[in-house]
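User: I'm new to this one and would like to learn how to read it. Could you walk me through it?

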Amino acid sequence: MDIIKALQQELNVGRGQVEAAVKLIDEGNTIPFIARYRKEQTGALNDEVLRNLDERLKYLRNLEEKKEQVISSIREQEKLTPELERQILDAATLVAVEDLYRPYRPKRRTRATIAQEKGLGPLADFIALQMAKEPLEKTALEYVSEEKEVASVQEALAGAGDILAERISDEAKYRTYIRNLTMEEGTIQSSAKDEKAESVYEMYYSYEESLKKAAGHRVLALNRGEKEKVLTVKIGAPEEEIVRYLERQVIVRDNPYTTPALKAAAEDSYKRLIGPAIEREIRNQLTEAAEDGAIKVFGKNLEQLLMQPPITGQVVLGWDPAFRTGCKLAVVDATGKVLDTVVIYPTAPQNKVAEAKAVLKKLISKYKISLISVGNGTASRESEQVIVELLKEIPEKVRYIIVNEAGASVYSASKLATEEFPNFDVGQRSAASIARRLQDPLAELVKIDPKSIGVGQYQHDMNQKHLGEALQGVVEDCVNKVGVDLNTASAPLLEYISGISKTLAKNIVAYREENGAFRSRNQLLKVAKLGPKAYQQCAGFMRIQGGTNPLDGTSVHPESYEAAENLLKKMGCRPEEIGAGGLKGIGKKIRDYKALADELGIGELTLKDIVGELEKPARDPRDEMPGPILRTDVMDMKDLTPGMVLKGTVRNVIDFGAFVDIGVHQDGLVHISQMSDRYIKHPMEVVSVGDIVEVKVLSVDVAKKRIALTMKG
C-alpha cells in the first residue's frame with residue numbers, strides 16, 4: 001500500500017504536504033511545532049489535520065506490519081498463493097486482513113478440528129463435490145469406526161457437517177458480503193430485563209433502530225444499559241436472505257442426496273459461527289465509531305473551555321461551598337497568589353449567616369475584592385443566596401459567577417496540590433483552584449486530568465487510553481497556541497509545551513528558583529537535560545517579558561531572529577519598540593511579501609507570521625472568545641415561566657443538544673431540534689462551550705429538575 005497516497009486521499013491534501021508532515025513527525029518534531037513553525041514544508045496544515053494524519057499514519061503502518069506477519073505465517077504453512085498474497089496486500093483494513101487470514105490461523109480445538117481428527121475430512125469433501133449417486137448414509141457407513149470414536153452414521157454425517165460449516169465460515173468473501181448486508185439492512189435492538197423497573201433507560205425497553213442510522217450517543221447508552229444489566233442488546237440481521245446467499249454459494253448443482261446436507265451446513269455456519277462473530281464485530285465497530293465521535297465532541301468542548309478568556313487584574317474570592325463542614329474561602333490576588341483563607345458557616349446546619357457576612361465584608365474591604373467565584377457543587381444555591389444579600393448591603397461594586405468546579409476535588413487531593421499548598425487542607429486548595437480557574441482557566445485546568453473536567457458524555461464507558469491520548473493532544477494544542485510566560489508558568493503548565501517532558505518542566509522550575517528569572521531564551525540550554533532538540537521544539541512557545549532581547553517576548557522562533565532583526569532594520573524600527581505595544585501597521589508597508597521573504601532568506605508564510613507577531617506581540621487567541629456572564633442577582637427555577645427570554649452560557653455540548661447555564665443552578669437543555677431554523681447534523685455547527693447565547697424557556701419541570709429551552713427565532 002502507498003501510505004502517502006492513502007493519507008493524501010483521506011485528508012484531501014497534497015502529496016507533498018503529506019510527505020513533509022510524515023518526514024517531520026518521523027524526525028521527532030511535535031505537532032504544535034510543525035503546525036506553527038514548519039508551515040512552508042507542510043503547506044500550513046493546522047494542528048487538527050496533523051493530529052489526524054499522525055493517528056492514521058500509525059494505523060496504516062500497523063496495518064502494513066500485520067500484512068507482513070500474515071503473509072509470513074501463511075508462507076511458512078506453504079499455503080500462500082500469488083492471488084492470496086495480492087488480496088492481503090490490497091486489503092484496506094485490519095478486519096479485511098483478519099478475514100483473509102482466518103482459514104490459516106492456528107485454531108483452538110473446535111467441533112470441526114475434532115471431526116478432522118476422526119478422519120471425517122474426506123466425507124466432507126465428498127459432500128462438497130455434490131457427486132453422490134446414492135443416499136449419504138451409505139457413504140458415511142465407511143467412516144464409522146470404534147477406533148476413531150465415530151459411533152454411528154449420524155455421528156459421521158454430523159462431523160462432516162461441522163467441517164463444512166467451518167469451511168464456509170472461513171471464506172473471506174462470504175464474511176465481507178454478510179457484514180455489508182447486515183450493516184445495510186440490519187437493526188440494533190434492545191429490551192428490558194425487568195420492565196417494571198424504572199430507570200433512565202426506559203426509552204430502550206423495547207427499541208429498534210436501523211444500524212445505518214444508529215447515533216453514537218444511543219449506541220453508548222445501550223452499551224451502558226447492557227453493562228448495568230438493565231438491557232438486553234442484540235443485532236437483528238436479515239437471516240433468511242443471508243442463509244439463502246450461503247446456499248447459493250455452496251450448492252452449485254441440484255443433487256437430492258447432498259443438497260439437504262449442504263443447506264444444513266450453510267444454516268449452521270451462519271447461526272453458530274458467522275452470525276455471532278459478525279454481531280460482535282458490528283457491535284465493536286458501532287462502539288468504536290461512537291467513541292470516536294464522543295471523543296471528538298469531548299475534545300472540542302475541552303478546547304473551548306480551556307480557551308475561555310482569563311479575567312485579569314482582579315482580586316478574586318474563591319468560594320468552595322459546603323453544608324456541615326462550612327464554606328472554604330480563598331482570596332487570590334491578580335497574579336494568582338493566595339493572600340488569605342478562611343472557613344465560614346452560613347449554610348445548614350450552623351446557619352451562621354450574620355457572622356459569615358461580617359467576615360466577608362472585612363475580606364472585601366481589606367483585599368479590594370471585586371469578584372467572587374463560587375463552585376457549583378453542594379450548597380452552591382444556598383451560598384449564592386447569601387452572596388446576593390451581601391452585595392446589596394455593601395458599598396463596593398462586587399460581582400459573582402458560578403463556575404464549574406468539576407475536577408476541583410480531584411486536584412485538591414492530588415500530590416501536585418499538596419506540593420503547591422503544603423499548609424492548606426483540601427477545602428482551602430479547592431477554593432484557591434475555583435478562584436484561579438476564573439482568573440486563568442488554562443493555567444489552572446491543566447493541573448487536572450482532562451477526563452475529570454466534565455465536558456463530555458459517557459467518558460467513563462469508552463477506551464480510556466484512546467480518550468486520554470486525544471484529550472492530552474487537545475490540552476497540548478491549547479497551551480502551545482497561547483504560549484507561556486517562562487518566569488511564571490507552573491511545572492504542570494510547562495509540561496504541555498512542545499518538546500517538554502515532566503522531568504524537563506520540573507528542571508526548568510528548579511533552575512528558575514535557583515538562578516532567578518530567565519533573562520533570555522538561550523538560558524534554557526543551561527537547564528539540566530534540555531538539549532538542542534528540546535530547545536528547538538519549545539523555545540518559540542516560551543515568552544520572557546522584559547528580558548535582554550525583546551523578541552523573546554514574542555512567538556518569533558529564535559531560528560528566525562536574524563530575519564526578524566533584518567526586517568526591523570528595513571522598516572526603520574528598533575527591537576526595543578516591540579515591547580511598547582507592538583509595531584502597528586508595519587505589514588501595510590510591505591508591498592511584495594514573496595520578494596521580501598526571498599531577500600530575508602525565509603518563507604513567505606514565516607514572514608507573515610513574524611510581521612503579525614511584531615504588530616501584536618504575544619497576542620492571546622483567547623481574547624477573541626466571549627467573556628463569562630458576571631451576576632449580581634439570583635433567580636430560582638420556580639421563577640422561570642415558558643416564553644421567558646434569557647442570556648446563558650453553554651456549559652456542555654453533546655450529540656443531541658447543549659446544556660446552557662441560565663443562572664438558576666440547573667442547566668437547561670436546548671435539544672438539537674430547537675437549535676436552529678435550518679437542519680443541522682450536530683449541535684457544534686451552532687454552539688460551543690463558553691458561548692453566550694440567548695434562549696427562550698419552553699417548559700419547566702421543577703420536580704424532575706428539567707428545563708427545556710429553545711434558540712429558534
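User: Is cysteine 538 buried or exposed?

Analyst: Buried means under 20% relative accessible area, exposed over 50%, and partly exposed in between, with a 1.4 Å probe and protein chains only. Cysteine 538 has a relative accessible area of 0%, so cysteine 538 is buried. Cysteine 327 is buried too, also at 0%. Keep in mind that this is a predicted model, where local features need pLDDT of at least 70, side-chain atom pairs count only at pLDDT 80 or more, and totals for chains, interfaces and linings use all residues. Residues are numbered from 1 along each chain as its sequence is written, and side-chain values use heavy atoms, leaving out hydrogens and water.

User: How many disulfides are there?

Analyst: A disulfide is a pair of cysteine sulfur atoms within 2.5 Å. The whole structure has 0 of them. For cysteine 538, the closest cysteine sulfur is in cysteine 478, 19 Å away, which is too far for a bond.

User: Which residues touch the most other members of the largest nonpolar core?

Analyst: A nonpolar core is a set of buried Ala, Val, Leu, Ile, Met, Phe, Trp, Tyr and Cys residues joined through side-chain atoms within 4.5 Å. Here the largest has 136 residues, and Leu246, Ile508 and Met542 touch the most other members. Apart from it lies another core of 31 residues, including Ile3 and Leu45.

User: What is the chain's average pLDDT?

Analyst: pLDDT is the predictor's confidence in each residue, from 0 to 100. The chain averages 93, and 99% of the residues score at least 70.
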